[in-house]
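Hi,

Here is the structure I promised to send over. Have a look at it first, and then read on for what turned up.

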Amino acid sequence: MKKIILFLLLCSTLCLHAQKYTLSGYITDAETGEALIGANTYNFKSASGTVSNTYGFYSFTLPADSVYLTFSYIGYEPQTFALDLTKDVEMNVKLSSSVSLEVVEVTASKNGEAIEEQTQMSTVSIPVSQIKKLPAFLGETDILKALQLLPGIQSGGEGQSGLYVRGGSPDQNLILLDGVPVYNASHLFGFFSVFNTDAIRDVTLIKGGFPARYGGRLSSVLDIKMKEGNTKEIKGAGSIGVIASKFTLEGPIGSENTSFIVSARRTYIDILARPLIQAGFRADGDEGNAGYFFYDLNAKVNHKFSDKDRLFLSFYSGRDKFYLDLQENYDDGDTYITDIGFGWGNITSALRYNHVWGKRLFSNVTLTYSQYDFSTGARNKDTYTQGGETIVDEFSLNYSSGIQDYSAKVDFDFVPNPDHFIRFGASIIAHEFDPGTFNVLFADQEERIDTTFGQTVVNANEFAMFVEDDVKITDRLKVNAGLHFSGFGLKNGKVFTSLQPRVGARYLLPGNASLKASFATMQQYVQFLTNENLSLPTDLWLPTTERVLPQSSWQVAGGFAKTFRGQYEISIEGYYKQMKNVVSYTEGSSFVSFGDWQDNVTQGDGEAYGAEFLIRKKQGKLTGWVGYTLNWTWRSFPDINFGKRYPYKYDRRHDISVVGVYDFSERISLSGSWVFGSGNAYTLGEAVYSGYFPQGDGEFSFLDGFFTQYFTERNNQRTPSYHRFDIGINFTKQKRIWKRTWSFGAYNLYNRANPFFLYLDSVQNEAGTGQRTVLKQVSIFPIIPYVNWSFVF
């Protein structure tokens, strides 16, 4: 009998240990209720762990046994629990922010995991709290400008916020705001980005080794998540700066199950300057006004039906507008009205529903809308008296272009055990492209002409499916492998498809180090036409057609990552990328086209390769990083540069950035950044010549100082090197119920005259006997101090 009892006890024990149960729940900020993305869950007993997803949900399946768990997230105090796992357990964990200055201030590659542990390589992330401490151009903190300080990411030029990632162009960046594509991420011709840092909670940029869940662009993915709104209490924040002010309000609605956030920003130079401009017009006897402004509005509401069901609704609208309204008044009572204006902007919205199926499967269903438009116009109205009769002549010309999308997407996170994190899903996007429409109005005493002409609106559908698995193969080897299938269907029935394999791997080495490698192919169906100078809003978004083929690329990368002394990270990566069917205007073409836009397009190949180095300090009073990029970028088109390969405009051989933030105390922090970039490529004629030009009546005259350049090669010269030093200091004081911060600083502290563009000009020679041709440089930003006052309550 004893033997039978012992046998039954042994069987029960073995069965118990063979059985598995799942811990699941949400990891959130204890003070605000915000979900913590990528928070770590680790079981010391089994030496295994998992991370929370985009919505803070985690699922951790373990054998039935006693477990010793820790939940942690960078900048937060960890929590530890011991329990006997004998059934499925739902455990929501709330982590509190660390108050010590010794906490991590600069993140690893992705929040909770050390850089060497991540399967994903070529990924950078800066916490918003860190961005707000960095020196800011005119006092406006900017996410894109902060990312430009990291290796592999270049700016388009002086002061601009565009991103050129590993030899790619701005259109090859998939910029997502709460999962919705943003087609124009710039204000003021690229000097500011559209993202208000007070409304943002998480920023991640992927430069290569793209997971299969992303697609549609060739060079990078910028994934920006908005805040969800404080579920505990009403909170607010705002600031008044040199050119703009902003205000944010968030809090619960009725209970902790529903919360909201609203954030707005607007420049006000036009308002401040309006009295002076109007007075200037009045001094000449006229009436009018002129100005420029931009604004951003973010809003989000989320509701928790239960721990298994949540609903999110988010919205963004932003716009730039320039206007000139002038009425010239004459002594005889005649008037002449001139109205000139142009503007551009984005609207995005998303409706998202989360559901937890059981303990291991998480689903997200999303409906989105995205719209970008550009419009410009001019109107003249002449009112005068002739023969005792009032006559009105009017002329106007308006142009508009844009793109809008409607999309639906469903994706799943499935965590069967700690060794697998499986994602799969599908999406469809309905595109509507407006390549450009002109409206002309002409009216006088005799006739009235009102007509519209231009390009035909194009409708197309883009669809995709993906599956990926982040799988632990051995204790040292972890792989993220997946497939992304996409297609693009035109209205005439033509369909383009692509199967894109993706794989990334990391192999742990002794001493908190790892080797990493990745390979990814990408396909892009949405085309972008630009003249390769300023990030102008006149740039056009256009579809793939039977004549203009999809862009495609493949990229391979390898690297080394290590954490040492618990507070320093070092990463070294090399990459090689090939691009096919990249687009450009043909020589002499622009966005103004009265024929088929496809006649102005040429397609060719691109190539980029280089190396990136980053060392960053994550802990202590001094945090920051040093980055270096070595880069080669090429383009070749059959119709450009005689078909020969040439350096891309933003082929910059060397980029260096040094960034530091020093917290003297909780009240005072000092920050600085120094950047260096070797010269961009530009085209300069091999020779110039003057000649005789038609004067009329068959006569010719020699026009002194007028010259024509003779070109033999595109982008054959380099601008002078670019470098500058920015500095900022923040003084924070805690009041009884609110906190205020004064920020002071300067852009380009040592007043470097950096090149904005170069041009040829004629000047008198030293002897005064004629003209000579010289190359001149235009610089736009000297030292620019700033001051900003901000508050939170």
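Val 262 counts as partly exposed, because its relative accessibility is 36%, a value that falls between the 20% limit for buried and the 50% limit for exposed. Bear in mind that this is a predicted model. Val 262 belongs to strand S20, which covers residues 255–267. Leaving aside residues up to four places away in sequence, Val 262 touches Phe 247, Thr 248 and Leu 249, and also Leu 297, Asn 298 and Ala 299. Lys 227 sits 35 residues from Val 262 in sequence, with 9.7 Å between the two C-alpha atoms.

Next, the strand pairing. S21 (residues 287–304) runs antiparallel to S22, and the two pair over 18 bridges. Glu 287 has Gln 327 of S22 opposite, and the hairpin from S21 to S22 goes through four residues. S22 also pairs with S23, again in the antiparallel sense, over 21 bridges. Here Asn 329 faces Thr 335 of S23 as its opposite number. The S22 and S23 hairpin has five residues between the strands, and in it Gly 333 takes a positive phi near 95 degrees.

Strands S22 (309–329), S23 (335–357) and S24 (361–386) each give two or more residues to the patch. Take Leu 313 as an example: this residue lies in S22 and counts as partly exposed because its relative accessibility is 47%.

- Asp 339 and Arg 379 form a salt bridge whose closest N and O atoms are 2.7 Å apart. This pair links distant parts of the chain, with Asp 339 in S23 and Arg 379 in S24, 40 residues apart. Arg 379 is partly exposed, since its relative accessibility is 26%.
- Arg 547 and Asp 599 meet through their side chains at 2.8 Å, N to O, in another salt bridge. Arg 547 is in the loop between strands S33 (540–543) and S34 (551–564), while Asp 599 is in the loop between strands S35 (568–585) and S36 (601–617), so this pair too links distant parts of the chain, 52 residues apart. Arg 547 is partly exposed at 48% relative accessible area, and Asp 599 is partly exposed at 47% relative accessibility.
- Glu 569 and Lys 618 make a salt bridge at 3.5 Å, N to O. Glu 569 is in S35 and Lys 618 is in the loop between S36 and strand S37 (622–636), 49 residues apart, which again links distant parts of the chain. Are these two buried or exposed? Both Glu 569 and Lys 618 are buried.

Last one: Arg 166, Lys 207, Glu 573 and Glu 612 are linked in a network of salt bridges.

Cheers

Key:
Residues numbered from 1 in each chain as written. Predicted model: local features only at pLDDT ≥ 70, side-chain atom pairs only at ≥ 80, totals over all residues. Heavy atoms only, no water. Buried < 20%, exposed > 50% of the residue type's maximum accessible area, 1.4 Å probe, protein only. Contact = heavy atoms within 4.5 Å. Pairing = 2+ DSSP bridges. Salt bridge = Lys/Arg side-chain N within 4 Å of Asp/Glu carboxyl O.
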